[in-house]
Amino acid sequence: LTMVQRTPEEMMHVHVLDGDHEAALAVAAAHGIDPDAVYKGRWAASAQGAADVAESLGKVKDRAFVVAQCCSTVARTADDQRALLEYGLECTAEYEPAAAAVDDAPPAHRLLWKQRLRMLQYHDKLGALLAIGRGAYSAEAYADFRDVPAMQAAVWFARLPNFAALKVVFERCPFSLAGKPCLDVLAAVPETAKAGEYLELLRHASPAARDLPRPVDWAESRALWGEDLRDLAVTEITEGLLRGLDLAPPLAEADVGAWCLERARAILQYGSLAGALEFGAAVLAERPGEGMDALVQRCKEIRNAEDYGCAEAVPALAYLEMAEPLQLEALLNLTTPEDLAEHLQVAGTFFFNNRGAGPDHMVATLRDIAARRCKADPEWACALLAAASSEGALPCYEPAAVAEIGVECVRRSERFADAPPVERLLADLP
């Protein structure tokens, strides 16, 4: 039988390992040993909630350990997490330097400043997560969300789309998402989403939206960091710090207008004509612009023609780039010679009125269409001439205009001898 003699420090550590912290504290008190190791052990074995901060972590004198625990620990409840972060901020408050002493601060203090920034960031993220979840808290969700950059979180919610969550991120991270990042986030919203659900978030691209939800902390002072700013981790770059850096100047109204126009085109490509019209109308209600107005008018022309059965599946993006004669011809892509008079009155009248076209404009457009179609489809060109010569078919009817269209068709036709439609074109000339 061998008897092993232990020192008081060894006995204290044995009690800590056994989980008998009261016995360990008694040994420490009896022999004048620093009880920090006991409180650290009790903290590690606890639920690490608000009560445990008071009973264990709050009694540890090793500030570096305490602050590191406040930074890294993920608590089981929102109240426990908030208490832990606020205790960490309380512990680091005493390290606020005088302005003259910033350059002489020891590395240990600078590390504590960085950890304070991280805790401010985590505290902000906790508030955002609770706002998104309407008070609900998940330790796993918090652990994931606290280290995600604001831009990444915003794009994620935009793609879902979850506009309630996206609004919270914009409000809680006004400096991370100001300016162009705001437009990049909204570009990630599916083109099928309704404009009214997200267009109001464009205000976050402007300076009026840049209000921090809380007071700026001393650790977020630009003067505190100087050249060391570049060494900060993403999780240490807080909204308060970004506020002082002013890295994202507000966008000019022209930049926002250009984004809106590009977004409308994306909706035409990947969404729907109705969606582009809704988006364009919503934009024009807030910021009138010629480019958006023209796009909306072209979309209305397509919708009018499709609604009346004059056309189907008009390629909207291609339509925007077509010359006017090709545009009107596209609006008549379902039209047979028999329907041309009726369809020209519906689609053509809307087309020309929408552009404020006068007689010369109308004549030039119809002449180009008829001349182009006469070579391949003289029957259709003949019907166009007959439709154009019908009084009331178009906003402006002039016999001379009809004659000009017919002459151009005959000139372009290569089949005089065996093309009865061309003969009828000649017969229809006034």
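This is a predicted model: local features need pLDDT of at least 70, side-chain atom pairs count only at pLDDT 80 or more; totals for chains, interfaces and linings use all residues.
**Entry 1: the second largest pocket**

I started with the second largest pocket, whose lining holds ten nonpolar, two polar and five charged residues. For these classes, Ala, Val, Leu, Ile, Met, Phe, Trp, Tyr, Cys and Pro count as nonpolar, Asp, Glu, Lys and Arg as charged, and the others, Gly among them, as polar. A pocket here is an open set of points on a 1 Å grid over the protein atoms alone, with protein on both sides within 12 Å along at least five of seven lines; a cavity is a set where a 1.4 Å probe fits but cannot get out, and lining residues have an atom within 4 Å of a point.

This pocket holds about 290 Å³ of space, a volume being the space filled by probe spheres set on the points, which are joined across faces, edges and corners. I found 17 lining residues, with Leu199, Leu202, Arg203, Glu286 and Arg287 nearest the centre. Helix 14 (253-270) and helix 15 (273-286) are the elements that give two or more residues to this lining. Helices (H or I, at least four residues) and strands (E, at least two) are DSSP runs, numbered from the N terminus.

**Entry 2: ground rules**

Residues are numbered from 1 along each chain as its sequence is written, and side-chain values use heavy atoms, with hydrogens and water left out.

**Entry 3: the whole chain**

I looked up the overall make-up next: the protein chain has 23 helices and zero strands. Of its 430 residues, 46% count as buried (under 20% relative accessible area with a 1.4 Å probe, protein chains only; exposed is over 50%, partly exposed in between). Among contacts (heavy atoms within 4.5 Å) between residues at least 6 apart in sequence, 62% join residues at least 24 apart.

**Entry 4: the largest pocket**

The largest pocket came out at about 410 Å³. Its lining has 28 residues, and Phe175, Ser176, Ile237, Glu239 and Leu242 lie nearest the centre. By class I noted 17 nonpolar, three polar and eight charged residues. Helix 7 and helix 13 (239-245) each supply at least two of the lining residues.

**Entry 5: cavities**

How many cavities of 30 Å³ or more are there? The count comes to two. The second largest cavity has a volume of about 30 Å³, and I listed Lys125, Ala128, Phe145, Ala150, Ala153, Val169, Arg172 and Cys173 as its lining. Helix 7 (107-132), helix 9 (150-159) and helix 10 (163-172) each give two or more residues to that lining, which divides into six nonpolar, no polar and two charged. Two of the lining residues, Lys125 and Phe145, turned up again: the charged end of Lys125 sits over the ring of Phe145, 5.4 Å from its centre. The rule asks for NZ of Lys or CZ of Arg within 6 Å of the ring centre and within 35 degrees of the ring normal. Lys40 also sits with its charged end over a ring, that of Phe65, at 4.8 Å from the centre.

**Entry 6: aromatic pairs**

I found five aromatic pairs in the whole structure (ring centres of Phe, Tyr and Trp, its six-membered ring, within 6.5 Å; planes under 30 degrees apart are stacked, over 60 edge-to-face, the rest tilted). Phe163 and Tyr198 are stacked, at 5.8 Å centre to centre and 15 degrees between the planes. Phe163 is in helix 10 and Tyr198 in the loop between helix 11 (180-187) and helix 12 (222-225), 35 residues apart. Both Phe163 and Tyr198 are buried.

Trp259 and Phe279 are edge-to-face, at 6.5 Å and 65 degrees. Trp259 lies in helix 14 and Phe279 in helix 15, so this pair ties together parts 20 residues apart in sequence. Trp259 and Phe279 are buried too.
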